[in-house]
Amino acid sequence: MNNKVTLHILLVITMIWAGMSCLSYLMMGLMLPTFQQYYEVHPEMMPEQFYTMMERMFEVPRTYYLVCSFLFALELAGAVLMWNLRRSGFHSYAIARLLLLLLPLLFLGRGYVAVGDIMFALLFILVYYLLLRQLGVFGTKSDETEG
């Protein structure tokens, strides 16, 4: 399989993930007050196993969900730009992905940072960089030595 096909397969995965995440965080950010009101008025409608989960969701500031949605949209835009072999797409993707790693630290605390998320984020950034470099997006080795 050549580098461009590999890049496109990974980008499709990223676009699906970022698109679905963007929409779900946006909906959560927009609908959180409605969920809270409904939960307070009709707690009997909520299955018992969801009580703890719902209470934790309500503790998270609404801003967190909206900022996550924006960063996933930036990640999606970066993936689209990388599809067109644009260097700015890689930078948008990498910045959004790294900020998404930092966001739980800012809003939720250290207990919500997952090592697996960090590993996958760094792996995808590295793989995208290597594939785009091999495809000439970051220039060739001769360009690096001339400048």
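**Exercise 1. Which residues form a nonpolar patch on the surface, and about how much accessible area do they have together?**

Solution. Keep in mind that this is a predicted model.

- Step 1: Look for Leu26, Met27, Leu30, Met31, Phe35 and Leu66, which make up the patch. Together they have about 470 Å² of accessible area.
- Step 2: Find where the patch comes from. Helix H1 gives the largest share, five residues, while leucine 66 sits in helix H3.
- Step 3: Check leucine 66 itself. Leucine 66 has 32%, so it counts as partly exposed.

**Exercise 2. Work out whether tyrosine 39 is buried or exposed.**

Solution. 

- Step 1: Locate tyrosine 39 in helix H1, which covers residues 3-41.
- Step 2: Take its relative accessibility, 13%. Buried means under 20%, so tyrosine 39 is buried.
- Step 3: Now turn to methionine 54, which is 15 residues away from tyrosine 39 along the chain. The C-alpha atoms of this pair are separated by 8.4 Å.

**Exercise 3. Describe the chain as a whole: how many helices and strands does it have?**

Solution. 

- Step 1: Count the elements: there are six helices and zero strands. Along the sequence, this reads as α-α-α-α-α-α.
- Step 2: Consider burial. Of the 147 residues in the chain, 31% are buried.
- Step 3: Look at the contacts between residues at least 6 apart in sequence: 73% of them join residues at least 24 apart.

**Exercise 4. Decide where in the chain confidence is lowest and where it is highest.**

Solution. 

- Step 1: Start with the average. The chain has a mean pLDDT of 86, and 86% of the residues score at least 70.
- Step 2: Helix H3 (residues 62-83) is highest at 96, and helix H6 (residues 141-146) is lowest, at a mean of 48.
- Step 3: Look at residues 142-147, where the pLDDT is below 50. Beyond near neighbours in sequence, this stretch has one contact in the model.
- Step 4: Draw the lesson. Where pLDDT is low, predicted coordinates should not be read in detail.

Terms used. Residues are numbered from 1 along each chain as its sequence is written. This is a predicted model: local features need pLDDT of at least 70, side-chain atom pairs count only at pLDDT 80 or more; totals for chains, interfaces and linings use all residues. Side-chain values use heavy atoms; hydrogens and water are left out. pLDDT is the predictor's confidence in each residue, from 0 to 100. Helices (H or I, at least four residues) and strands (E, at least two) are DSSP runs, numbered from the N terminus. Contact means heavy atoms within 4.5 Å. Buried means under 20% relative accessible area, exposed over 50%, partly exposed in between (1.4 Å probe, protein chains only). Patches are made of residues with over 30% relative accessible area and no salt bridge: like charges are joined within 9 Å, nonpolar side chains (Val, Leu, Ile, Met, Phe, Trp, Tyr) within 5 Å. Accessible areas come from the Shrake-Rupley method with a 1.4 Å probe; for residues, only the protein chains shown count as cover. A salt bridge is a side-chain nitrogen of Lys or Arg within 4 Å of a carboxyl oxygen of Asp or Glu.
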